[in-house]
Amino acid sequence: MSDFRNYLNEQLKDEEFRTEYEKLEPEFSIIQAVIDARKASHITQKELSDRTGIAQSDISKLENGNSNPTLGMLKRLADGMGMTVKLQFVPKQ
C-alpha cells in the first residue's frame, strides 16, 4: 500500500476528517472518471485539447482537482474521446 494510502487511512479514523472527505467523494469520482477515460482512449491531455477545443491547461486543472467541470465541459470531453457521459443516482449506503 502507498504511503499516501496509509496516511489517508489513518486520517479517515478521525470522524471530522472522514465527514469532510466523504463530502468531496463525488468530485473525486468525476476527476478519476475523466482520467480513466482519457487513458483508456490512449490520448494525452494535449490531444484531448486539440479534439475538444478545451485548453490543455483547463484539462490539467480538472485532472488535478483544481477546477470543477460543468456538464457541458464533461460532454465535450466525452465527445473528444468518442464516449458519452452517463450520470447515475444510486442509493446511499
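Which exposed residues does the face of helix 6 turned away from its buried side carry? Leu71, Lys75 and Asp79. Exposed means over 50% relative accessible area, buried under 20%, with a 1.4 Å probe and protein chains only. Helices here are DSSP runs of H or I, at least four residues, numbered from the N terminus.

Some ground rules. This is a predicted model: local features need pLDDT of at least 70, side-chain atom pairs count only at pLDDT 80 or more, and totals for chains, interfaces and linings use all residues. Residues are numbered from 1 along each chain, and side-chain values use heavy atoms, without hydrogens or water.

Now the other side of helix 6. Met73, Leu74, Leu77, Ala78 and Gly80 are buried. Just after helix 6, Gly82 has a positive phi of about 70 degrees.

On to the largest pocket. A pocket is an open set of points on a 1 Å grid where a 1.4 Å probe fits, with protein on both sides within 12 Å along at least five of seven lines; lining residues have an atom within 4 Å of a point. Lining residues number 18, and Ile30, Ala33, Leu74, Val85 and Lys86 lie nearest the centre. Helix 3 (25-40) and helix 6 (71-80) each give two or more residues to that lining. Helix 3 gives the most, with seven.
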